Amino acid sequence: MLPPQAIDALARARAVVVLTGAGISAESGIPTFRGAGGLWRNHDAMKLATPEAFAADPQLVWEFYEYRRQVVAKAEPNAGHRTLVEMEAAYPEFTLVTQNVDGLHQRAGSRNLIALHGDLWTLRCTEEGTERVETRVPMPELPPRCARCGALERPGVVWFGEALPPEAMPRAYAALGDAQLLLVVGTSCRVYPAASLVPVALRAGMPVFEVNVEPAADFPGVIALEGPSGEVLPELWSRVVSRRAGSG
Ligand code: BJW
C-alpha cells in the first residue's frame, strides 16, 4: 500500500530531488555495503573501501575493486533506475544525487546527476593526481600504474575521511533548496555528508519519502515506502502519472 501523501506530493511537485544508495542496484545483482551483501572473500567491504586498507595492501584492495568492476560490467540497470529516468523527463527540475559508483544511473539514461562518491571506472595516479578512464575488464595490469610516472593508481572513488568532489554537496543543497520533496531510495543513510540531505529537507519542512526493503532513514518524519525499489518505484510512478493525468 503506497502512502497517499507520496502520490499527492509527487503529483503536485515541479522540482524533485532523489538521493540513491547501493540498494537501488541490488536488483541488478550488485551487492550492497552493509548487511548480508557487505562481505567479500570474508573481508568486510567497508574496511576495504578505505585509505588505510589501500596503504596497507593495495593489491588486495585492487582485487576487491576489480571484482566489483567485473560484477558491474555484467549488470544492467533495473526498473528502479529506469523509473528515475522517466521521472527526470516529467519534471521541470529533477536532480538525482547518488552515492553509487557503479554508473548504472548514467547507463539507464539519467542526466542531471550528482555523483557524490566518484566512480568505479576512473583511476587516479597516487603521485600526480591525474585521472584517466579505464573501462577494460579485467584490467591489463593489477594494481594499475601511471603510464607517465609509474606510481600506483587508485580507484577514483571517495573513501572515508576523504573530501567529496568540491562542487557535489553545494549543488545537492542548492537543488534541495528549490525542491518540494526529497525521495530517498536504497540507502542506509549512515554516511555523511550524503545523509545530511534528509535532516536538511525535514528542517525546511519538506516531505521526505524513503523507498527501502526496511526502514533505514532514522529521522522522525520520514515516510516509508517499504519494498524493493525495482517494484515500488514503477508502481509509485504509475500512480503519480495517473494522478497527473486526472485519472488516479
Ligand atoms: C534496498 C534494496 C532494494 C537493499 N530496494 N532498498 C557527520 C557525522 C558523522 C560522521 C561524519 C559526518 N560527516 C562526515 C563524517 C565521516 C564519514 C561518515 O559518514 N562516517 C559515518 C559512517 C559515521 N564521512 C566521510 O568520511 C566522507 N567524507 C567527508 O566527510 O570528508 C570531509 C572532508 C572534508 C575536507 C577534507 C577532507 C575530508 C566520505 C564518505 C565516503 C563514503 N565512501 C563509500 C565507499 C565509496 C567507494 C566504493 O564504492 O567502494 O561510499 S562507503 C559506502 O557507504 C559507499 C556508499 O556510497 C556509502 C553509503 O552506503 P549506502 O549506499 O547507503 O549502502 P548500504 O549498504 O549502507 O545500504 C543499502 C541500503 O539499501 C540498505 O538500507 C538496504 O536495506 C537497502 N536495500 N536492497 C531498496 N532492492
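Which side chain has an N or O atom 2.6 Å from an oxygen atom of the ligand? The side chain is that of Arg34. The model is predicted, so local features need pLDDT of at least 70 and side-chain atom pairs count only at pLDDT 80 or more, while totals for chains, interfaces and linings use all residues. Residues are numbered from 1 along each chain as its sequence is written, and side-chain values use heavy atoms, with hydrogens and water left out.

Two further ligand oxygen distances can be given: 2.8 Å to an N or O atom in the side chain of His117, and 2.7 Å to a polar backbone atom of Tyr192. Of the 1500 Å² that the ligand exposes when taken alone, the protein buries 73% (Shrake-Rupley method, 1.4 Å probe).

The ligand is surrounded by 36 residues, each with a heavy atom within 4 Å of it. The closest are Arg34, Tyr65, Arg68, Thr187 and Ser188. By residue class, the shell holds 19 nonpolar, 11 polar and 6 charged residues. At least three shell residues come from each of domain 1 (4-29 + 77-117 + 164-247) and domain 2 (39-74 + 124-157), with bounds from an automatic or database domain assignment.

Attention now turns to Asn112. This residue lies in the loop between α6 (104-108) and β5 (113-115), where helices (H or I, at least four residues) and strands (E, at least two) are DSSP runs numbered from the N terminus. Asn112 counts as partly exposed because its relative accessibility is 29%, between the limits for buried (under 20%) and exposed (over 50%). The side chain of Asn112 reaches the backbone oxygen of Phe94 at 2.9 Å.

Technical notes
Polar contact = N/O pair within 3.5 Å; in protein donor to acceptor, adjacent residues only side chain to side chain. Nonpolar A, V, L, I, M, F, W, Y, C, P; charged D, E, K, R; others polar. Buried < 20%, exposed > 50% of the residue type's maximum accessible area, 1.4 Å probe, protein only.
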